[in-house]
Amino acid sequence: MANKRFYHIGFGQDDLGSSPPSIALLSGDPERAHLIAQTYFQNVRLLSENRGLNSYVGYLANGRSILSATSGMGAPSLSIVVNELIQVGIRQIIRIGTCGAIQPYIPVGSVVISSAALCRQGAANDIAPVEYPAAADPFLTVALVKAARELKVEHYIGITASVDTFYEGQERTDSANPNLMRSLHGITEEYQRLNILNYEMESGTLFKMAGVYNFAAAAVCGVVAGRTVSENIILEQSDIAVRNAIAIAVNAAATFESDN
């Protein structure tokens, strides 16, 4: 196993060096994975750019080794990457993503820390039954909350709607397909009444994989759209939200203590 280079992520255990990381920061966007590594890592080293799944290894300021990896967009791609990361020895994963808030009190530019997910994802159904809980690791989640408080970043903690599609599944009608299926009409309002905070596309499957594979997972997402106001992403505030989410995740990774 140590000598095996995995087909999708493009690296194996031997590529991680003499002090391999147990924790990974996972981004959908390869540019975000690069930004994290170049901004926060010391002695950073590129592991792979295979299939656009860029991965970097380095050290945080406190000497902890860490990985910044790319999951790609959506749960099917994430499920492949996470499976292979676990095989190279990763035991904690923090997803750093973007999301659309569906509660009117959550502003664009803030962050959402997911305690659990309503998981409406086909990939997750291959991992565990529909009824299987999609819950974040409580200790890793607390580390994110503590980091947000220390950094004085406006943050909200709660349940995320994790869905497979950016347009139809999030009840967007301003797209190539304005004709949603009847089952999706009013879905956002229904989720609001269930006290769900936001839409995103990966955390539900990540959390189910964590339960089945026995690793710790958490998620922090920058709010880039306020869906109670508009379907559109607010570019002026999205960069701040993403950078805050990154800072929170890095801080949590540096301080998190695990028995694994």
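Me: Are Arg 95 and Glu 202 buried or exposed?

Reply: Both are buried: Arg 95 is, and Glu 202 is too. Keep in mind that this is a predicted model.

Me: How should I read charged residues in such a place? Which salt bridge joins Arg 95 and Glu 202?

Reply: Start with the general idea. Side chains of opposite charge can pair when their charged atoms come close. Here the side chains of Arg 95 and Glu 202 meet in a salt bridge, with 2.9 Å from N to O. Arg 95 lies in strand β5, while Glu 202 sits in the loop between β8 and α6 (203-213), so the pair ties together parts 107 residues apart in sequence.

Me: With which other residue does Arg 95 form a salt bridge?

Reply: With Glu 200; the closest N and O atoms are 2.9 Å apart. Glu 200 belongs to strand β8 (residues 196-200) and Arg 95 to strand β5, so this pair links parts that are 105 residues apart in sequence. Arg 95 has a relative accessible area of 3%. For Glu 200 the value is 2%, so Glu 200 is buried.

Me: How many salt bridges does the structure hold? Where does the one between Asp 239 and Arg 243 lie?

Reply: The structure holds five. Asp 239 and Arg 243 are both in helix α7. They are four residues apart, so about one helical turn separates them. Their side chains meet at 3.3 Å, N to O. Asp 239 is partly exposed, at 44% relative accessibility. Arg 243 is partly exposed as well, at 42%.

Me: Now the nonpolar side. Which residues of the largest nonpolar core touch the most other members?

Reply: The general idea comes before the case. In soluble globular proteins, nonpolar side chains tend to be buried together. The largest core here has 32 residues, and Leu 25, Ile 94, Ile 96, Leu 144, Val 220 and Ile 248 touch the most other members. Elements that each supply at least two residues include β1 (23-27), β5 (92-101), β9 (216-226) and α7 (235-255). The largest share, eight residues, comes from α7.

Me: What does Ile 248 touch, not counting residues up to four places away in sequence?

Reply: Its contacts are Val 111, Leu 144, Ala 147, Ala 148, Leu 151, Val 153 and Val 220. There is also a second, separate core of 31 residues; Val 57, Leu 78, Val 82 and Ile 93 are among them.

Me: Last, the rings. How many aromatic pairs does a search of the whole structure find?

Reply: It finds four. Take Phe 166 and Tyr 167. Their centres are 4.9 Å apart and their planes stand at 85°, an edge-to-face pair. Planes over 60 degrees apart count as edge-to-face. Phe 166 is partly exposed, at 31% relative accessible area. Tyr 167 is also partly exposed, at 39%.

Me: What lies over the face of Phe 166?

Reply: Arg 172 does, at 3.9 Å from the ring centre.

Note on methods: Residues are numbered from 1 along each chain as its sequence is written. This is a predicted model: local features need pLDDT of at least 70, side-chain atom pairs count only at pLDDT 80 or more; totals for chains, interfaces and linings use all residues. Side-chain values use heavy atoms; hydrogens and water are left out. Rings of Phe, Tyr and Trp (its six-membered ring) pair if their centres lie within 6.5 Å; planes under 30 degrees apart count as stacked, over 60 as edge-to-face and the rest as tilted. Buried means under 20% relative accessible area, exposed over 50%, partly exposed in between (1.4 Å probe, protein chains only). A charge sits over a ring if NZ of Lys or CZ of Arg is within 6 Å of the ring centre and within 35 degrees of the ring normal. A nonpolar core is a set of buried Ala, Val, Leu, Ile, Met, Phe, Trp, Tyr and Cys residues joined through side-chain atoms within 4.5 Å. Contact means heavy atoms within 4.5 Å. A salt bridge is a side-chain nitrogen of Lys or Arg within 4 Å of a carboxyl oxygen of Asp or Glu.
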